[in-house]
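Visitor: I would like to learn how to read a structure like this one. Please take me through it one feature at a time.

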Amino acid sequence: MSQGAILIKADATTAGIFPANGSDFQLEELQGLVDGRIEIVTVTDKVIMVINEDGKDVLPMNVMATVMAKAQRAIFPWDYICGDVVMCPSEMVK
């Protein structure tokens, strides 16, 4: 995943994506991808998930992103992620 990012949609579909400028995502770009204000979830020391900060109980649960985050202990066992998620190398978000 060092060259691009993955959009993990709440409906379990995925797509490879790249920043518009070719190197790092801009705030407005990320907000458009997750449909709102962003929150960063650290998955590993090199990988993050960008989620919708206000998505819980408003947007549909993202089972795939939730399972991935729990597997890395990035979220609490009782927690869950809602809405579309951008998963990317941390250096792609500055």
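**Reading the model**

Guide: Helices (H or I, at least four residues) and strands (E, at least two) are DSSP runs, numbered from the N terminus. This is a predicted model, in which local features need pLDDT of at least 70 and side-chain atom pairs count only at pLDDT 80 or more, while totals for chains, interfaces and linings use all residues. Residues are numbered from 1 along each chain as its sequence is written, and side-chain values use heavy atoms, with hydrogens and water left out.

Visitor: Is T66 buried or exposed?

Guide: Buried means under 20% relative accessible area, exposed over 50%, and partly exposed in between, with a 1.4 Å probe and protein chains only. T66 has 3% relative accessibility, so T66 counts as buried.

Visitor: Which residues is T66 in contact with, leaving aside its neighbours within four places in sequence?

Guide: Contact means heavy atoms within 4.5 Å. On that basis T66 is in contact with M61, I75, D79, Y80 and I81.

Visitor: What pattern does the protein chain follow along the sequence?

Guide: The pattern reads β-β-α-β-β-α-β. That comes to 2 helices and 5 strands.

Visitor: How do I read a sheet?

Guide: Strands of a sheet pair through backbone hydrogen bonds, either parallel or antiparallel. Two strands count as paired if DSSP finds at least two bridges between them. Here an open sheet of 5 strands has the order β2-β1-β5-β4-β3, and the pairing is antiparallel. Its edge strands are β2 (14–17) and β3 (38–42), each of which pairs on one side only.

Visitor: How many bridges join strand β1 to β2?

Guide: There are 4 bridges between β1 (residues 5–8) and β2, and the two strands run antiparallel. I8 stands opposite T14 in β2, and I6 stands opposite G16 in β2. The hairpin of β1 and β2 has 5 residues between the strands, and there A12 takes a positive phi near 80 degrees.

Visitor: What else can be said of I6?

Guide: I6 is found in strand β1. With a relative accessible area of 30%, I6 is partly exposed. I6 and V85 are 79 residues apart in sequence, yet 8.1 Å apart in space, C-alpha to C-alpha.

Visitor: How many disulfides does a search of the whole structure find?

Guide: A disulfide is a pair of cysteine sulfur atoms within 2.5 Å. The search finds 0. C82 is in no disulfide, and its nearest cysteine sulfur, that of C88, is 20 Å away. The distance of 20 Å between the sulfurs of C88 and C82 is too far for a bond. C82 is buried, with a relative accessible area of 6%, and C88 counts as buried at 0%.

Visitor: How do I judge the overall shape?

Guide: With 94 residues, a compact globule would have a radius near 12 Å, and the protein chain agrees because it has 12 Å. Its C-alpha atoms fill a box of roughly 35 × 25 × 20 Å along the principal axes. Of the 94 residues, 37% count as buried.

Visitor: What share of the contacts in the protein chain with a separation of 6 or more comes from residues 24 or more positions apart?

Guide: Such residues account for 53% of those contacts.

Key
The radius of gyration is taken over C-alpha atoms; the globule rule is 2.2 Å times the number of residues to the power 0.38.
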